[in-house]
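Work through the exercises below with the model open. Each task is followed by a stepwise solution.

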Amino acid sequence: MKPTPQISQNRSSGFPVTDHNYQPTTDPKTTTGRQIAKPTGLHKLSSDFIGTEMVRDYVVEFSASTVIALISAWPIYLSIIAMARLLRN
């Protein structure tokens, strides 16, 4: 992208002009009229591996979050029961 500077008529302010109109020069997906192909081989292998690892990480993180939420909810549950008993008596 090439900036198109806008020159201000008021130059006595002491600050540089920072307003620019950015215009793209070319389409980033094309290179001299040809489409950029998706890399194969190593890219496909790494994508498959990362996809499998992400599923495992998701399961571990979900399990840990569930355990933390249950441990945190237990004292709240007990305090609600204690308040209910206090109000009944």
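**Exercise 1: Layout and confidence**

The protein chain holds 1 helix and 4 strands (DSSP runs, H or I of at least four residues for helices, E of at least two for strands, numbered from the N terminus). This is a predicted model, in which local features need pLDDT of at least 70, side-chain atom pairs count only at pLDDT 80 or more, and totals for chains, interfaces and linings use all residues. Residues are numbered from 1 along each chain as its sequence is written, and side-chain values use heavy atoms, without hydrogens and water.

Task: find the order of the elements and the element with the highest mean pLDDT.

Solution. 
- Read along the sequence: the pattern is β-β-β-β-α.
- Check the confidence per residue (pLDDT, from 0 to 100). The chain mean is 76, and 55% of residues reach 70 or more.

**Exercise 2: Aromatic pairs**

Task: classify the aromatic pairs (ring centres within 6.5 Å; planes under 30 degrees apart stacked, over 60 edge-to-face, the rest tilted; Trp by its six-membered ring).

Solution. 
- Count: there are 2 aromatic pairs.
- Take Tyr58 and Phe62. Their ring centres lie 6.3 Å apart and their planes meet at 20 degrees, so this pair is stacked. They sit 4 residues apart in helix α1, about one helical turn.
- Take Trp74 and Tyr77. Centres 5.7 Å apart and planes at 35 degrees make this pair tilted. Both belong to helix α1, 3 residues apart.

**Exercise 3: Exposure**

Task: is Trp74 buried or exposed?

Solution. 
- Set the cut-offs for relative accessible area: buried under 20%, exposed over 50%, partly exposed in between (1.4 Å probe, protein chains only).
- Apply them: Trp74 is exposed at 52%.

Conventions
pLDDT = per-residue confidence, 0-100.
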